[in-house]
Structures are given as structure tokens and as C-alpha cells.
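Take a look at the model below.

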Amino acid sequence: MKLSILFSTVALALAASPVSLGADTPVYKDQTAPLEARVDDALSRMTLREKIDIIHAQSKFCSPGVPRLGIPELWTTDGPHGIRAEVLWDEWDQAGWTNDSCVAFPALTCLAATWNPDMAALYGRSLAEEARYRGKDVVLGPGVNMYRTPLNGRNFEYMGEDPYLASVMVVPYVKALQNEGVAACVKHYALNNQEINRHTTNVIVDDRALYEIYLPAFKAAVVDGGAWSIMGSYNRYLDEHCCHNNRLLMQILKGEWGFDGAVISDWGGAHDTPQAIANGLDIEFGTWTDGLQDGRSKAYDNYFLADPYIAAIESGQVGTDELDDKARRVLRLLFRTSMASGYGHGSLCSDEHYAAARRIGADGIVLLANRDNTLPMNLSDGARVLVVGENAIKMMTVGGGSSSLKVQRELTPLDGLREALKGKATVDYARGYVGDITGEYNGVTSGQNLADSRTPAELIEEAVGKARGADYVVFVGGLNKSPGQDCEDADRSGLELPYAQDDVIRALAAVNPRLIVVNVSGNAVAMPWVDSVGAVVQAWFLGSECGNSLADVLTGAVNPSGKLPFTFPRRLSDVAAHAVGQYPGVKRADSPIHDERYDEGIFTGYRWHDSRNIEPLFAFGHGLSYTTFEYGQLTADNSEMNPGSTITLSMPVKNTGSRAGAEVVQLYIADNESSLPRPQKELKGFSKVYLQPGETATVTFTVDKTALSFYDPARGWVAEDGDFKALVGAASDDIRATLPFTYRNETAQNSNNNSSEPVSGALGCR
Ligand code: BGC
């Protein structure tokens, strides 16, 4: 809250010092004129061709401005974890610049795992500074598609399974980015929950799940965050591609949410001129028209929103209203970014950005299990630490698809530990397994040679030999952003760890109880050995400062405080999308399209586990600390609520251990009885508190009717009369206190149960 107030003050100060250009300055150039007046003025001066030009790409990542009027180009960039390296004008190949290396920030799953909106603001601001320095106007991110299956190759780019958590975390990211004059392009709107068949999947989902699960984070980014652009997704919904989908773009985004920004197609996500015209697409990027692969520049004229659009206008098939609306939205985006003045020049690879990456990484690492206080490492003189596993030495910033980065530097886990333990312990290394030794994406190479020709048995033998007698064994494995292992355009084939890592872990556990397993991934993985290892750490893809963030937590320099943003299931069949949800879709006999019914409806993630009484491996919201927190008595200022009132809950939390640390106190709401089935509980508030040993803080949550409401397809958002429970705890499966309360719609005080009053929007409490 404080941060955002500070940011808006800065923004106001910047906006208050425009350059005065004199009396005959055209309105569109006048920084003091209202945005809409400038847009109107610019539009009135543009030719049909110029309007068409600004609504489609002129290169891989940029669209033209209006040179004649001095309106500059619009430069986009991936996103969402750092600023992508420059590619050639018409190709994905590298441009070969030597000044386009960036800082890679931790993947968005890690950011979500911080449960810390201040970290999201720090992330957005740091990223924006890198973008500005590199001359980028739009960052293609953040991604807020909901985690529906642990097989989705792009979950690492998103913010987990819970709409409330993702909503709260996305807003400061968007605001902080845009406060520096860089547009967020929230992606991939919508229902893009898997990579397999991503262009041909037609999602069939009921309105309740759409509004309660899949849309809230997008809505928060747009309505609360004020996102200036949004990216349509590749998949279909209601049998229309989402880049030109009437319901999603015209009715919901631009209608219900009042979005005034620009809808950008995913790269190659546009497929049809009449639909693109009518259904809300504003800028087309990446379409592979004839000749584009070969880099022939005229290919862009063949885009759906280029010459074919002009032809449709000239033949009288369509008018120009839609075109004016699109051009207006693009102009708004240009005026907000590339044509805005008063913002700083940004900075690239600054110490502050590395520090931010390190801090966010350490804040998001989740301590999943810690038998007998294996962690933090407690090293006496002459201690020996053995590090095992390919992910301890593999650079992870290269790979994964469009979020792949060219970094100025990346500290691996092994190097981070070596650095942190210098003078305290000897650190040895054994490979353990060979996974994917390649390190290249779109011409960016990690430069590492990871080749190792030994057999799996030889590698295990070496690791086990070295593990005997070591004070600690740190196994660093998991997935690695190669195709099928957390990567765009492919899903994983199963929940298991690849490359027979389970065998290595079991062999190590058999000879050394002080085995710490560090899982690097953006997804849940199966852990059949979980009860035989000392500690398990979920380390995400941590970016440039990976080794430092991880070492900070393992050595205890930072007390872990991350919490899982999604459920770790024990088996794939425990996941709703796999149990009942038709993943990965059913191919139509007569077409390439795959229909996929989300039959699980709103019961995804912990909502599903709760409803079926399935014990997870690690629950949503779970995460341990090196200290202990005692929850006190949950109290409320009232036991009854109505549409005009709120209830404030208070929970004292005490650090009862000997280390300072942070706890994420979570509020879930349960509806005792409702006209439609509801989850047993849903996250509706959280607060991260940092406490010194012995210190107590009282966390408060203000609950309003939106926290009680659900989406009834017949009535919209409703809060029904009746009894509810507030559940406060340390995880979705670790509720420490419960308090009943009652809700009455004022207008229905004396009528039957389940009377209700529609509410507008529902984000829950803040
Ligand atoms: C991805 C987007 C990305 C775009 C540009 C697409 O393949 O789905 O997320 O922003 O490429 O690289």
C-alpha cells in the first residue's frame, strides 16, 4: 500500500512537469492536454493507411507509429522475467548485439510464492527500468493463467492455482511497471492452461468456473492494476480463437471491465480478418504470412489486420468504426509509453536489480520438509558439503521458450554455495545424472559444456561414494526448461522427475540422512522418496541470482518464508483436470480441433483436494520456516455482516523460535450452506508479517461481501444469507483458528435462507 502511494506521488510529480510547446502546438503533442483529446486529435490527422499501419506489426516485435506526425514506433519485448535479447527484424535469430544482456528475475511462480505484494512492486519497477534502458514500451507479461495441471509447460511463467492470490500479486507488478512508463501486456487471455495442442484446443468451461477461477486475475490486472494492454491467447473458447473472441474481448474485457487499452494478439494468434475486425483484436503480431519466414518485408502487408482489412473497407464490406476504435486504443498505448515524456531512462544490470532478484528469489523459496531441523546448514570446522545434480551447474535462464533470456550473469547453485561456504566448509560436486546438456534458445547459448559420457550407474556410484561421511548432501535436480520439462509449446509427459533422478535421490538417502533435495521447477513433481530425505526445498527458476538466493536460504542467512502457490498432488489422478477434466482434450473426427471440457468446474487445486478429501503431498499455502509461529485467538469486531458492513478479524501471531522470520497468515472463508455447491474453503486474504524472536504482531483482515460471494450463472455474483466461517492458518491444510459469522442481505432480513443480493465483481477482501 505504502509503495503504491509513493509510486503514484512520483507519477503525479512527473505528469505535472510537461514541456510547453507553444500556442500552435497540435493538441496531440501537447503533454498538458487530456489523453483523450490528444488521441482524438492524432486520429483526426491520420490517413486510412496510417491507421491500418499502427494496428499490425512491422517486425517481429515492433509496430510502426506515424512517422509523418512524429509518433514513434511501439516496441514490445518478452517478458515476463527479464528483457529478451534483440532478434533480427524479421526472424527469431539473434541480432547479435553485445549490449542486450539483462538481469533475469525469478520466474513468476517464485514471485507468487513470496505472497508478498511488495516483492511484486519491486519486481515490476526493476523490470521496467531494464525495459526503459533497452527502449521497450510494452513488456509481454505478466502471465496469470491459472494452474490447472502440473503438466502445463508454462506454469512457471504464471502465478499459481488460486485466483485471489494471483489477483493480489499481479496488481502491484502491473502498477509498478506502468509507473515507469512501460506497459504491461497481461497474458494469455484466457483459458490458456496447457501447451499441448495450444493452437487447436477449444476450451469448454462453465460460466461459474470462468468467472470464479479463470478470469479474476485478469480482471484485477485490468481493473485494479489499470493494465494498458492484454494479450489474446492461442487457444479457442466458444469455438473462436481467443485473439478475436467476441465473448472474452468485446463482452467481458471491453464491456464489463471497461478496458480502454489495446488487445495484442499472441504471436501468430490471429487467424481471420472479419473476426479480428469485429471481435476486439487491436494489434496483430507474429502472423506467419507468406514470405515472413524468409524475412521478406512485404509479408506484414498480408497480415489479417493489414491489406485484407483495407480491402474489406474499400469494398464496403465493413465500415471504419472498428478501425477507429482500434487505432484509438493503439494511440492511447503509444501516448502512455513511447510518446510519454517525464520518465527516466532506466538502467540495465544495475546492482539494485541484482539485489532485487536475489531478494525476491530468497523470499519465494519454499521449505517443504525439514526433518530433525536438517536445515539451516550447521557447519563445524572442516565440514564437508557434497552437491549433486545437473541443476546445480546448469544455467536455467536460457530455455523455456519465449521467456528465455540472455543474461549478463547467472550464478548457479553450486557456485552460490561455494561462495557462501568459503572458509566454512569444503564443497565437492558429483554429477549424479545427466539430463539435458543443451543450452541454447533462439541462438542464445549458455556456453556451457555439460557433456558427460558416464553411465547412470557410474554417476550414482560416484555420488554415493562422495556422499558417505559428508556433513550435508545437497541434491539439486528437478526440471530444466527443455522441451517437455517446463517449456513453452510442450507439456510434461508425467508428474515424475525425469532422467531417473528418483534413483539418485534414493541412493543418496540410503547413505546419508542429511540429504537436502532442492527441486528446481515451476511445477509440482512426484516425490516418492519424500519420507527418507532430510529436507526438501522448492527452488523455482530463480534467474541471475539463483545461487545466491538459494545459498541464503540453505545457510540460514535468510529464513525461508515462501508458501506454495499451488498444490503438490501425490499422483496425477489426484488432479481434477486429469480425474474428470478431459485433459488434454478430445480431437474432433473431422478437424484438427481438440475439445476440452473443464468438467471439474470451480473445483481445481486445493478446492478439488478439499472436496474429495484427497491428501496432497504438499498443500496450497504450505511452507516451513526455521522459526516457529504461534497463532493466538481469532477475534472479530462483529458476528454479523450485511452488504453495507464489514467484519474485521484479528489474529495475534507470535514468533516463538529463536530466529527472526516471516509468516504468511492466510484467511480462508467457508460458506456453510449455499444454493450451489461451493468449495470447503477459499483464500480471501493473506498477510506476510516479519517478526523478531519473541515478537507478536496482530494481523487484521477486513471481510466484505465480495469475500462471501460466488458466481451464479443465473444471477451473477451473489452473496447469500447464512452462516459462514473464517478460517485463519499457516496453510490450506493447517488452519489454526475458526470463527463463525453470519451474513444477511439487508433487503432480505426476514426472508428465507439463500436469499441473495447480486454484487459487482468479486475479489474478496484485501
Ligand atoms: C508466446 C508469448 C510471447 C510471444 C512473443 C508466443 O509464442 O506465447 O507469450 O510473448 O510468443 O515472443
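**The ligand and its surroundings**

In the side chain of Glu 488, an N or O atom sits 2.7 Å from an oxygen atom of the ligand. The protein covers 96% of the 310 Å² of accessible area that the ligand has on its own (Shrake-Rupley method, 1.4 Å probe; for residues, only the protein chains shown count as cover). This is a predicted model: local features need pLDDT of at least 70, side-chain atom pairs count only at pLDDT 80 or more, and totals for chains, interfaces and linings use all residues. Residues are numbered from 1 along each chain as its sequence is written, and side-chain values use heavy atoms, with hydrogens and water left out.

Two further side chains reach ligand oxygen atoms. A polar atom of Lys 187 lies 2.9 Å from one. For Arg 84, the distance is 3.2 Å.

Now widen the view. The ligand is surrounded by 15 residues (a heavy atom within 4 Å of the ligand). Among the closest are Asp 78, Arg 154, His 188 and Asp 266. Six residues of this shell are nonpolar, two are polar and seven are charged. Here Ala, Val, Leu, Ile, Met, Phe, Trp, Tyr, Cys and Pro count as nonpolar, Asp, Glu, Lys and Arg as charged, and the others, Gly among them, as polar.

**The cysteines**

How many disulfides does the whole structure hold? The search finds zero (a disulfide is a pair of cysteine sulfur atoms within 2.5 Å). Cys 110 is in no disulfide, and its nearest cysteine sulfur, that of Cys 546, is 9.7 Å away. Cys 110 counts as buried, at 0% relative accessibility (buried means under 20% relative accessible area, exposed over 50%, partly exposed in between; 1.4 Å probe, protein chains only). Cys 546 is buried too, at 10%.

Definitions and conventions: Polar contact = N/O pair within 3.5 Å; in protein donor to acceptor, adjacent residues only side chain to side chain.
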